[in-house]
Amino acid sequence: MIKKQNIHNLISVSSPLCAVTLAAVLAVSAPVSTLTAYATTVDDIQGQIDSINSEISDLEKQKKDAEKAKSDAQSGLSGANSQINSISGAMGDLNAEIEGINLELVGLLTDIDLIEGDIRDKEAQIVQTEQEYDEAVAVRDEQYETMKIRIKYMYEQGNATYISIFLEATSSLADALNKADYVEQLYAYDRQMLEQYKQTVEYTQEVWDKLEEEKSELETSKEELEGEQAYLEEVEAQLEEEYENYGVMLAQARQQAAIYTAKINQQTNEIRSLERAEAEKKREAEEKKREKEAEEERIRAEQEAAAAAAAGETGETADTGATESSSSSSASSSKSSGTSYSASGSGKGSQVANYALKFVGNPYVSGGTSLTDGADCSGFVQAVYSAFGVSLPRTSYSQSTVGTAVSYSDAQPGDIIYYGGHVGIYIGNGQIVHASTQRTGIKVSPATYRGIVTIRRVL
């Protein structure tokens, strides 16, 4: 019978034994109380592992809920950004229309000023013409009165006037004829002067009437322009009111976008925290697994050592264990120390991602679009997709509006991730490739290294 002291001495043997031999020895030689104690220890560790796995499941559920909330916030932000773009476009159109009306109003006011100047000139001309008309009428009336007296005198006297002229002609008949001729000339002169003044009055009246008509046309044009001015000012006031309303809507949309952005950042931080907690729990679970395996190994080692002491086979099994350990160590040391990246999946998006990865290490150049000589973030994304026949806008913001929005939980290689002023290409496994900074160039980073605004799928 193997003594207890000999078993403890054999436990100090460091070489692991094969599992089959240990199991056989454990079954044959271990005391029942020892087996129960070992089982209890292993069960306790397994219980701890199960508890940690349960916590990991809870963390995964919380992360999934957080990703859904973030996806909802991203959808809301996309809607708010779309509304902002629409409102901004409408405000731009309104502003252009208001500017057009302002230019038209300037032209109208200029025309009104010119017309008012013309009206003042016409009024001055009318005053001058009116004075000339009054003077012409006064002369005409005076001449008419003078002629009327002569005519009245001559024609009221009838032939007696001519007889008196002949009788008063004392020298000769020739003298009488001369006097009669003088009367006729005087009469003809009066009629001629009256006709001239009549023509002057008529001409003056005609000029006056024409000036009055021109003045009336100018005043009518002025009234029309003033009416058009009033209409344009009314339209402008309506447009400005509408512009102000759009301004309020734009402010509200921007506020809503800010709220969604804050939610995205909050959910991003929560996801990061959950990922860290999940990673910590997984590490803890791995440690517990290793602890369990070590405990199981220790139990097997103790039982095997006891069996070996009884059967005299310790040396043979030790050599076998050493060989196994050496093989394990060799396998462990064969792991490559280099770092390489490849996109998950096999679709076209993965082809895009793998193509983009070819340029990791190339320089970042502000404003650049060359995959070899240097590009900025949006230039890099644009150039990569251009190689696959996909035309993208030049700026990162414009690229955030292309394609279809997807959630982070549904992200696939080739999707464009927009962070607000920066873009990258998702390569799968929670990573992106992007033109980062002048210092780091084109590199691979965790997809959640910044708060994600939106994820766009264009393939």
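A negative surface patch is formed by E130, E132, D134, E135, E195, E202, E206, D209, E212 and E213. The model is a predicted one: local features need pLDDT of at least 70, side-chain atom pairs count only at pLDDT 80 or more, and totals for chains, interfaces and linings use all residues. Residues are numbered from 1 along each chain as its sequence is written, and side-chain values use heavy atoms, with hydrogens and water left out.

**The negative patch**

A patch is made of residues with over 30% relative accessible area and no salt bridge; like charges are joined within 9 Å, and nonpolar side chains (Val, Leu, Ile, Met, Phe, Trp, Tyr) within 5 Å. Asp and Glu count as negative, Lys and Arg as positive, while His and the chain ends are not counted. The charge is placed at NZ of Lys, CZ of Arg, CG of Asp or CD of Glu. Accessible areas come from the Shrake-Rupley method with a 1.4 Å probe, and for residues only the protein chains shown count as cover.

Which helices supply the patch? Helices α3 (32-157) and α5 (173-311) each give at least two of its residues. Helix α5 has the largest share, with six residues. Helices (H or I, at least four residues) and strands (E, at least two) are DSSP runs, numbered from the N terminus. E132 is partly exposed, with a relative accessible area of 39%.

**The whole protein**

The secondary structure comes to nine helices and eight strands. The protein has 459 residues, and 34% of them count as buried. Its accessible surface comes to about 26600 Å², and carbon and sulfur atoms hold 50% of that. A contact means heavy atoms within 4.5 Å. Among contacts with a separation of 6 or more, 73% are between residues 24 or more positions apart.

Is I45 buried or exposed? It is buried, because its relative accessible area is 5%. The C-alpha atoms of I45 and K289 are separated by 7.9 Å, although the two residues are 244 residues apart along the chain. Leaving aside neighbours within four places in sequence, I45 is in contact with K288, E291, K292 and E295.

**Salt bridges**

A salt bridge is a side-chain nitrogen of Lys or Arg within 4 Å of a carboxyl oxygen of Asp or Glu. The structure holds 14 salt bridges. Three of them are listed here.

| Pair | Closest N and O atoms |
|---|---|
| K282 and E278 | 3.2 Å |
| R298 and E295 | 2.5 Å |

K282 and E278 both lie in helix α5, four residues apart, about one turn of the helix. K282 is partly exposed at 39% relative accessible area. E278 has 5% relative accessibility, so it counts as buried.

R298 and E295 are three residues apart in helix α5, so about one helical turn separates them. R298 is partly exposed, with a relative accessible area of 35%. E295 counts as buried at 13% relative accessibility. E295 is also one of the contacts of I45.

E297 and R300 are three residues apart in helix α5, again about one turn of the helix. E297 is partly exposed at 25% relative accessible area, and R300 counts as partly exposed at 23% relative accessibility. Elsewhere, salt bridges that share partners join E55, K281 and E284 into one network.

How many of the 10 residues of helix α8 (residues 377-386) are buried? Nine are, and the helix is mostly covered. The buried residues are C377, S378, G379, F380, V381, Q382, A383, V384 and Y385.

S400 is found in the loop between α9 (396-399) and β3 (404-406). S400 is buried, with a relative accessible area of 8%. Apart from neighbours within four places in sequence, S400 is in contact with Y418, T454 and R456.

N429 lies in the loop between β5 (423-428) and β6 (431-437). N429 is exposed, because its relative accessible area is 62%. Phi of N429 is near 55 degrees, a positive value in a residue other than glycine.

Note on methods: Buried < 20%, exposed > 50% of the residue type's maximum accessible area, 1.4 Å probe, protein only.
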